[in-house]
Each structure stands twice: as structure tokens, then as C-alpha cells.
Amino acid sequence: MNKRRLFINLKKRMNVWTIVSLTGAAVILLPILYVLSGLIRPANDNWETVKQFLLTDYVIGSLKLVLFTGFFATSIGVVLAWLVVGYTFPLRKWFTWALMLPLAVPPYIAAYTYATMTSYTGFIQATLRNQFDIHISPGTIEIMSTRGAVFILTLFLFPYVFMIAKMFLERQSAVYIENARLLGHKRLSLFFNVVLPISRPAIIAGLMLVVFEVLSDYGVANYFGVQTLSTAIFQTWFSMYDVDSAMKLAAWLMVVIIGIFVLERYLRRNQQYNTSMKQNKPLAPKPLKGAAAFGATAFCMVVFLLSFVIPVVQLIVWATWTYEKMWTADLIELTLNSLSGAAIATFVILIFALLSTRTVRTMSSWPAYLLTKLMTVGYAVPGAIIAIGVLAVCIQFDKWLSPIYASVGIGEGMLWLSTSLFMLLAGYVIRFMATGYNAIETGYDKIPRTYSEAARTLGHGSASTFFKIELPLLRGSIVTGFILTFVEIVKELPITMLLRPFNFDTLAARTYQFAIDERIYEAALPSLLLIGISFISVLCILKIEKEKTR
Amino acid sequence: MKKRNFKKSVMLLTIVMIMTLLAGCVGGNKSTAPDAGQAAKEPATKASNEVNIYTARHYDVDAELYAKFTEQTGIKVNVIEGKAPELIERLKREGASTPADLFITVDGGILNTAKTADLLQPIQSAAIDAQVPADMRDKDSHWVGLSTRARVIVYAKDRVNPSQLSTYEDLATDKWKGKLLVRSSTNLYNQSLLASLISLNGEAEAEKWAAGIAANLARDPEGGDRDQAKAVVAGTGDVAIMNTYYVGRMTVSDDPEEVKVAEKIGVFFPNQQTTGTHLNISGAGLVKHSKNKENALKLIEFLTAKEAQTAVSKANFEFPVNKEAEMPELLKSWGTFKHQGLDFAVYGELNPKAAEIANKVGWK
């Protein structure tokens, strides 16, 4: 009897959607589970060495980087968001979108640009030396350090916090802030007593993105010689040739990430009450005058110069030095590769994201929640480790499919999946599921459940409800999710390096090859093309937002 | 009844959607990278006119040489670039099914790692043997050297007299306290140097040496080899350890400031009276499960012939392995030098020991 009820219950929940999304989830999860299985695999001697000599230092290194970058990026992001939303000052309108542009610059490109610029032969010291005969004593500018890494990561990741906090403040804060202003709260008191507390969920959401980016960063930390968990994974792999121990480390990193997810969920448990469909009236900004206005403009300008103008102008200068040598026909091919790879992967991600968010919404049980969180955990894991998981799974599939290959003329014992673009795309999908998923989830959160329920009551099936009710309401979120994910994939590096098929080169890969070979000037032109693509994408997001708020 | 039909059709639709999606991925493969698709399929279907390379050596001149090779022989060269350990891992996992024919990388130790991981097979070619001296090849012919570089001492011309310089060992004495610059010991160039000294002087002496180097550093190791040269000119320290080709590349840099740096440093080949200067090698290994072995051999022959060797040396300031090849003026001006003459396999065999010693003595 009981069994039967369970079965009926299960059957009720198992509609087509659930089955499809579970299958999708399984495909994405296999490589992740493969890496996680490192936890239970027996440890070898290397692992003992890693644990004994390296682990503490690396954990401390990662913690330092996460804490400092998290703190500074959040502070800068929130303060800037509040400035452009709460006040008017010269150039304010322009800053509301210009301060998003640093997202277009991959942090590793910024890292080598700044490092070279501040070096002995770099623009700054060379100018001082040659024009003014000022010799800076060596070691004054130390960018290649933990401090330098925090500096770079803060400058190029703060827009995540800025973007989310700004959106929140624009749309949801007017009532609170205007009341607070009426009650006599001013400037600092208003910021600390009202703005900060009410925007907590938005701040946490932005902070999360920053934390995950920092944890998975390899490019900046490696270039600056900062020891983190992420670099430890590679050191174990590259200098000990011990992929198993490297995966064990990565698995532990994944556990930490899932822990953070759960914590975030816990912190946000009351957030549902905050969101409402009702369009709040936008906040009317207060004009700033005199020194305050100047200060606000100056602060925004300094951040914008450091996080966008200076590195981009420097790259343009270098590109002009190497233009003739570097401007070859294959740059167009690289650009097309970057674009098409990212576009296809993003498309797949959004389909999966739509399916799985919907499943969670209808099932709303903890296994479904855990499943989707596992699907998005790839965001915080260094790309190369995901790549190993994907490689392992694809080669295994190739072995299983060998008889089929033989019968369709590919040839028995050939690697087909793992030598095709499929493998690279799978890597992208797993790594960046989170960006697409979160955008769609946020979109769904804004649609009251009653809409879908009403549609179902009125006789619409699950699919019909989706296409007729939910999809139109989700359109904005889908486009934003698409562009955000697209930008991430265009900038992606380690997965591209490891999983690409023969002769498939992208802008990011080309840039990196020059950079690690200490040929920074040659790297400038592909870097600029890459930034250009991201730049256009960021502009698209901004345009969509503008239309939404109108 | 009607509802059930609807459900069925939705199910069908979803399946079709997923199929098209998958097809889209694969189709995308064809449209965006036609070469890739071919590369994957052709080796099995016919004795192809292709050769597939996994390479960790990223020289522009390599791409030019491959193009020239294709022009001469009609054999198409397909390339996957990556880091050596990643490519080795890929080769291991692909096993007998691997599409790769050649594995090209820098550092004798890595070539040896690939060999001991049973990923390579002997290269049998009289032409190659004639072009590459025996000490620039693996003793079991599993790989062949393509070019070499020396790890030398560079010094500030205005502050250091070359007569003060003698050996690597001398750099670890108190004489150079606070004046020495070298990059991190996590870098392979330093690990191989340390491995060679373990082999020549014994573990205890090598450990003492590494401790001396760590103690003499003018600053915590940072940046690459070029950064050490810049720091010498900036006055952070007086002497640095770096690879020869970086000096060459700086002389032709697009940045006039780097050219100035290159002009202000002198190059010194250490240990000429004793064990010789440390030499490292870039080379090509023939993959054990190569499907286009003939083509792979032809490519190695081409890459070790005089023309290609001259081109690499000219573009990259490395020493050619083929004695007939011509070197750029700068390399000629350094003259001939005595090198350690070790079996490059030693770098790989002693690499773990070297890394361990560096960690132990605190050479970051």
C-alpha cells in the first residue's frame, strides 16, 4: 500500500521535463563525479607530501586572496553602485555603464599588462628615467606579489558586485531610502544603516561570484607566483606528474565550494520575502555639490582608469609595435573559432539551465536542489581539472562506442568524441553552467508560482505552460544569461588549451601562448581582439538593461 | 486521451530537440573547424598524407616550417598545442587510440618522462642520425633533439668584471650575497640545472649549492628569465642566471627599452674550466601508437635538416643541433663553449630530487 503510494507519487513527479533534465544533469555530472571520486581513491606518497609540506601554505594563500579580494571588490562595488544610484554628480550617467567595462578584460591579461608596465623597462619607469632622470629604487613597485594579485583581481572582478548591487538598489530600494532620508539619515549614516543592510542579498550574490572567480583563478596567481589551492593543483600535476593527487586536491576544493553554496543558501533563506513582481518606483537620486560631487567623480574616474583605460591603452600601444608581424589572416580564423565555440556552448548551457531550473521549481525538494548545485559547481573548479574529468569520460565513451564507430565507417578503436569539438564544448558547458543557470533561476524567482499554477488549473499542460506563460516572461533573463555566459567562455583558457581538437586555436589560447613565452608585446593584438568581443557583449547587456528599466 | 497524446508528442519533440542539439554540436564542429573533423577521421580510413603533432613548443617559426614541409611533401601537419604535462596526460589516456604521431617539447627531462611513461618508440632513420649528433639524441632513439639552449650567467657590464665570474658553484658563495637574481625553483629550467648539479657533484653538494643560491638572492624570486636581466640593469642585483635565447630575443625586442637592457648585460658561460655549462634541449619524440609513422619520420628529417635548423636558430636564438646549420651573429660572437655533456635523461630522473631539495632549502 505504502509502496504503491510512493510509486504514484513518483510517477506524478516524473513527467517528461524531469526525465529530460535528469538525463542532462547526468551528462554534466559524470565528469564532475569523476573528479569527486578522487576523494575516495587511495592516496599515494605524493599526496602525503602535498598534505605535509604544501597544503597549509596553499590554503592560507587562497584564503588571503579570497578574503582581501572579496573585501575590496565588495567595498568598491557597493560604494560605486550606491554613488551612481543614490546621487547625481558630473559624468554619473556615463559611469553607470562604464564601470561595467572591466568585465571585458580577462584578469590574466590585466596581470601581465600591469606587470610589464610597472617593470624596469615598462612605460612608467622608462618615462621617469628617460624624461626626468628619476630612478626608482628597485622593489618600490612590487606588483608580482599577493598584494599585486589582490589589486588585479579586485579591479577586474568588482563589476560583478557593482552590477548586481546597482540593479538591486535601482529597483528595490526606493521606499526604504526615501523614508530613511525623510527620517533624517544622511550620507554615511544612510549608507551604513540603510543601504548596506537592505542590499545584503545582492551583495552576497555578487561576492559569491567574486569568491568563485578567485578560487578558480590560475592565470593571475601563477603569473605572479602566488601560491593558492588552484596553483597547487597544477604544481602537483606538472612537477610530480601525479594527476591523481591533483584531482584529490581539486575534489577537496569542490567540497569547499559546495559548502559555500549551502552557506549562501542558508544566508539567503529569507530572501523570498524580498522579491516581488510589483515594479517599485525608481529611486530619485540626490544631487551632490561642490567637493562631494568632485570627490564622487574623481573616485569613479580613478577606478575606471585603473580597471579599463590604462591597461587597454597600454595594449593598444604594444599592438602598434607588433601590428605588422601579428596581423595575419589566421587572426580572423581565431576570432571566428572563439565566437562560434562560445556561442554553441552557451546555447546548450541555456537549454540545460531552463530544463533544470524548471525541474527544481516543480519538485522543490532537497535532492533536486543538491543536483542542480552539483551541476553548477564547475564554476569554481579550475578549468584544467574539469578538462581531465571530461577527457576521462569522453575517452571511456569512445571505447564503449567503438563497435558503433566500426559500423558507421569511422573505424574501430578510434577516438571520435575525444578528438572532436564535442569534448571542448562539453568542457565549456560544465564549467559555465552556473552563469546561465543563475540568470535563469533569478528570472524564474521573479515569476510568481501562481502564474504557472493558474495556467495548469486552466488546462494547460506542462509544456504549454512553459511555452505560453514562462518563456515570454523569462526572455530578458535568457538574453542576459546568454551574454554573461558567452563573455565567460570567450575569455576561458585552460579548458580550451586542453580539450581543443587539432588545429583549433582561439584568441585566448593564442594570447596565453605568447604571454607564457615572455612575449608580451606579441600577445597584445589577440588580447585586444578578445577584449573587443567581450566589450561588445557587455555593451549588449547594458542596452538590454536600459530597455528593461524603461 | 487527448492529453496523453499531447504528452507523447512533447516527449517526441524533446527527443528530437536533443538530437538536433547534439547534431548541432557535431555539425558545428564541421563548419567551424573542418580540419579538425578530418584529422579525427582520416588516419583510420587510409594511409593518409597527414601527420599529427602534440606540441608544447610554441615558436612562430614552427608554424612557418610546418607550412613549408606541407608545400614540399604534400603532407598536411595538424597541431594541438598545450603544456607538456597536459599533453603527456592526454597521450596516456588516449593509449593505443591516440591520433598523435609526434610529441614535441622543451626540456630533456620531459622528453625522458614521456619515454619512461612508455609513450614513445625508437626513431629509425639514417638521415636523422646523420643530421643529429648522437649526444643530441636519446640513447634508445626514442626522441631526437631539435635545438639547444645554455643556462648562463648574465652580469651588469658597469658593475661586474667578467673575471670575477667562474662557476655556478661560485654563485653560491658569500661573494654574491644579496647580489644574485634567479627565477623561482618551481620553474623547470632551474630544476633541470639543479638536477644536473646533483648528477655532477652529488646530492649533498647540490643541496649546499641550492641553499647558497637561496641565501644569496637579492629578492624573492619573481617573474621569468627576462625579468632577471631587467632587475640586473635596474640595480636590484649584479648577476643573474638565465637562458641564452632570452638575451638574443631582447636584442631584437619591439620595445627599445628591452634592447637597452640587452646592451647593458654581459653573457658569461660558466664552468668552462670544470664541468661545463648547463645545456638543455628541445626535441621530438615518435609516439608509440603513431598511425602515420612514415610521415612523422619525414617531418623529423625535415626539422633537423640544415634549412629548418638555420631558420629556428635565426628566429629564436637557440643553438642548432645540426652542425651544418648557420647561427645568427650574436650566437657566433659567443664562440664555442664546453657543455656539461650529461645524458639529458638525468634531468628527468633527478627532477623529483631537485624539487625536493629546492623546497627543503627554501628556494621559493
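**Notebook: the two domains of chain B**

I began with the spacing: the C-alpha centres of domain 1 of chain B and domain 2 of chain B lie 28 Å apart. This is a predicted model, in which local features need pLDDT of at least 70 and side-chain atom pairs count only at pLDDT 80 or more, while totals for chains, interfaces and linings use all residues. Residues are numbered from 1 along each chain as its sequence is written, chains are lettered from A and ligands numbered from 1 in the order written, and side-chain values use heavy atoms, without hydrogens or water.

Next I looked up the bounds. Domain 1 of chain B covers 46-148 + 281-326, and domain 2 covers 149-278 + 340-361; these bounds come from an automatic or database domain assignment.

Then I turned to the interface. I found 17 residues of domain 1 of chain B in contact with 17 residues of domain 2 of chain B (heavy atoms within 4.5 Å). The area buried between them is about 1400 Å², with 59% from carbon and sulfur atoms (accessible area, 1.4 Å probe, lost on putting the two parts together, summed over both).

I also checked for charged pairs. The rule finds two salt bridges across this interface (a side-chain nitrogen of Lys or Arg within 4 Å of a carboxyl oxygen of Asp or Glu). I looked up B:D343 with B:K139, a salt bridge whose closest N and O atoms are 3.1 Å apart.
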